[in-house]
Amino acid sequence: MFDNLTDRLSRTLRHISGRGRLTEDNIKNTLREIRIALLEADVALPVVNDFINLIKERAVGREVNKSLTPGQELVKIVKDELTSAMGKVNSELNLATQPPAVILMAGLQGVGKTTSVAKLGKFLKEKQKKKVLVVSADVYRPAAIKQLETLAQGVGIDFFASNLHQKPIDIVNLALETAKLKFYDVLIVDTAGRLHVDETMMDEIKQLHSAINPVETLFVVDAMTGQDAANIAKSFNDALPLTGVILTKVDGDARGGAALSIRHITGKPIKFLGVGEKSEALEAFHPDRVASRILGMGDVLSLIEHIEDKVDRTQAEKMAVKLKKGRGFDLTDFLEQLKQMENMGGMTSLLNKIPGANRLPSNIKVPIDDKMTQGMKAMINSMTHKERTKPEIIKGSRKRRIASGSGMQVQDVNRLLKQFDDMQRMMKKMQKGGLAKMMRGMKGMIPPGFPGR
């Protein structure tokens, strides 16, 4: 998400000339470029205008801190205003009520609403230790109820059974009664979606809302619809007292216009981002962290939280002990690292959170493309134990056998061995205390204005 905006803003903000003070003169071109970048990112025009005016108001005549350049000073202002535009702080779910806390999910068809219900249920169960029940009131789409049941089973939360012959209002009332009797902490209600906003849909959802009086009414919307997402959210907000938004499919949106427009147009906070198809691909929305990502500064806090959540500590400790004893890093270890990377959402997800990673040359990014991970795993799985521990024996006939067994080409095997060789050398450097040197080298990639630079 935000790839196009990040590239454009990073380039623009690095080239501000002048010293000592930000003037209308030395930021004029930059503001024009920022304006174009935001419009290209499909940010709504009123949002762009307000944003540019606020930056200009704060920047012109501002003394530049002696330790910063004018460019770095403006980066700081832009980051503050981006954060403010998206809501300043993370807006958590308000579940402080007599259990069960009811969450009503609304949105159009095809935006990932049912998947978001399951993801949110998993999030509340694992992060907040809640006992969660989910129910589908979508009696118009035959597969919708079954879909939610399957997803609920997959993430280990309870499902309240309903059928197409029941009225939506009867379904939710029965589900609420059950949630009270069985002491559930949270009940999440999946409502019917439509292909467009219509009166019948709105009337039905208003009735459901009155019947169950939810503490949270979340609007689920597809990030790839850009500023239209904000306009659709406004239509729903006019009919329902929305408390927040879940922005889905952000991993497929290179522009980011929806995230920057929604708060301004609806006045409602984005509470979560759907960042992939996996059940754990739901992130709490932190405006300050997202602003850092937009400016190419990465998101170190989210990266740390992500690693702490997903890394298999036992496996990591085994690897550390093995390296400490000088037993080396082999292809079995490399396979384990690939699996860990997948658990953390893939290399693309991690790169988005690393400061300066957007400025890495494309020839470095290509070899770690997530699409190649499955092929690499297949190739290692096609090797014998001896080949994994002694890769130097993998020559002509062995390469052909591995390629054939994994459905890959010999040149893919060569590429894998080259990447493994690079990783092995890096591990040796880390063993010899080269980590500090490597981190110093990475600091050169951190963009201006990032703390510590």
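This is a predicted model: local features need pLDDT of at least 70, side-chain atom pairs count only at pLDDT 80 or more; totals for chains, interfaces and linings use all residues.
Local features need pLDDT of at least 70 and side-chain atom pairs count only at pLDDT 80 or more, while totals for chains, interfaces and linings use all residues. Numbering starts from 1 along each chain as its sequence is written, and side-chain values use heavy atoms, with hydrogens and water left out.

**First stop: H5 and H6**

Select residues 113–127, helix H5, and residues 142–155, helix H6. Helices here are DSSP runs (H or I, at least four residues) numbered from the N terminus. The two axes come within 9 Å and cross at roughly 25°; axes are lines fitted to C-alpha atoms over the stretch in contact, with angles from 0 to 180 degrees between N-to-C directions. That crossing angle makes H5 roughly parallel to H6 (angles under 35 degrees count as such). The crossing of H5 past H6 is right-handed, that is, the near helix is turned clockwise from the far one by less than a right angle.

Next, show side chains. On H5, pick Thr114, Thr115, Val117, Ala118, Lys122 and Lys125; they meet Ala144, Gln147, Leu148, Leu151 and Val155 on H6 (contact means heavy atoms within 4.5 Å). Coloured by class, this contact has 6 nonpolar, 3 polar and 2 charged residues.

**Second stop: H7 and H8**

Move to residues 168–181, helix H7, and residues 199–212, helix H8, whose axes come within 10 Å and cross at roughly 25°. H7 and H8 are therefore roughly parallel to each other, and H7 passes H8 in a right-handed crossing. Select Pro168, Ile169, Val172, Asn173 and Leu176 of H7 with Glu204, Gln207, Leu208, Ala211 and Ile212 of H8 to display the contact. The class count there is 7 nonpolar, 2 polar and 1 charged.

Definitions and conventions:
Helices (H or I, at least four residues) and strands (E, at least two) are DSSP runs, numbered from the N terminus. Angles under 35 degrees count as roughly parallel, over 145 as roughly antiparallel, 65 to 115 as roughly perpendicular and the rest as oblique. Ala, Val, Leu, Ile, Met, Phe, Trp, Tyr, Cys and Pro count as nonpolar, Asp, Glu, Lys and Arg as charged, and the others, Gly among them, as polar.
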